[in-house]
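Please keep the sequence and the 3D view at hand while reading.

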Amino acid sequence: MKTVCIMCPVGCELTISGSNENVKVTGNGCVRGLTYGKNEVTNPQRVVTALIKTDLGVLPVKTTNLVPKNMINNVLAEIEKVHLKKAKAGDVVIKNVCGLDCNIVVTGNYGE
């Protein structure tokens, strides 16, 4: 499998082979790429970003931790259910979303 590492701006081109405990990653420039490559085969995860509705418009939000790829749609569905009166950067708007030990936090302010 070939992919591009998304753990930093460098974007190393990874080649990943094997499965489970026998995953081999090449092309990584750092240990984060190695970890990303192994996880991409065994348990792919992502930070989820979205927009949340408020009375004053929409605000950007993100997960505070990585979310398993197979749970991204569930997390987005929970975000879609929320409508806030107002919020500001840093506010936690959903605690422990989908039981993933992960919060949804506002990452921007109005007019930015």
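## Basis of the report

The model is predicted: local features need pLDDT of at least 70, side-chain atom pairs count only at pLDDT 80 or more, and totals for chains, interfaces and linings use all residues. Residues are numbered from 1 along each chain as its sequence is written, and side-chain values use heavy atoms, with hydrogens and water left out.

## The open sheet

Five strands form an open sheet, in the order β8-β5-β6-β10-β9, with mixed pairing. The edges are taken by β8 and β9, each of which has a single partner strand, so one side of each is left without a neighbour in the sheet. Strands (E, at least two residues) are DSSP runs numbered from the N terminus, and two strands pair if DSSP finds at least two bridges between them.

Strand β5 covers residues 49-54 and pairs with β6 in the antiparallel sense over six bridges. The two strands form a hairpin with two residues between them. Within this pair, Thr49 stands opposite Lys62, and Ala50 stands opposite Val61. With strand β8 (residues 83-84), β5 pairs in the parallel sense over two bridges; here the bridge partner of Thr54 is Leu84.

Buried means under 20% relative accessible area, exposed means over 50%, and partly exposed lies in between (1.4 Å probe, protein chains only).

## Thr63 in strand β6

Thr63 belongs to strand β6, which comprises residues 57-63. Strand β6 also pairs with β10, in the antiparallel sense and over three bridges. In β10, Ile104 is the bridge partner of Thr63, and Val106 stands opposite Val61.

Is Thr63 buried or exposed? Thr63 is buried because its relative accessible area is 0%. Leaving aside residues up to four places away in sequence, Thr63 touches Arg46, Val47, Val48, Val75, Cys102, Asn103 and Ile104; contact means heavy atoms within 4.5 Å. A polar atom of the Thr63 side chain lies 2.9 Å from the backbone oxygen of Asn65.

## Leu100 in a loop

Leu100 is found in the loop between β9 (92-94) and β10 (104-106). Its relative accessible area is 23%, so Leu100 is partly exposed. Not counting residues up to four places away in sequence, Leu100 touches Val67, Pro68, Met71 and Val75. Leu100 and Ile6 are 94 residues apart in sequence, and their C-alpha atoms are 22 Å apart in space.

## The cavity

Rolling a probe the size of a water molecule over the atoms shows where empty space is left. On a 1 Å grid over the protein atoms alone, a cavity is a set of points where a 1.4 Å probe fits but cannot get out, and lining residues have an atom within 4 Å of a point. A volume is the space filled by probe spheres set on the points, which are joined across faces, edges and corners.

How many cavities of 30 Å³ or more does a search of the whole structure find? The search finds one. The largest cavity has a volume of about 30 Å³, and its lining consists of Cys5, Met7, Cys8, Cys12, Cys30, Arg32 and Gly33. These lining residues divide into five nonpolar, one polar and one charged. In this grouping, Cys and Met count as nonpolar, Arg as charged and Gly as polar.

Conventions
Helices (H or I, at least four residues) and strands (E, at least two) are DSSP runs, numbered from the N terminus. A polar contact is a pair of N or O atoms within 3.5 Å; within protein, one must be able to donate a hydrogen and the other to accept it, and residues adjacent in sequence count only if both atoms are side-chain atoms. On a 1 Å grid over the protein atoms alone, a cavity is a set of points where a 1.4 Å probe fits but cannot get out, and a pocket is an open set with protein on both sides within 12 Å along at least five of seven lines; lining residues have an atom within 4 Å of a point.
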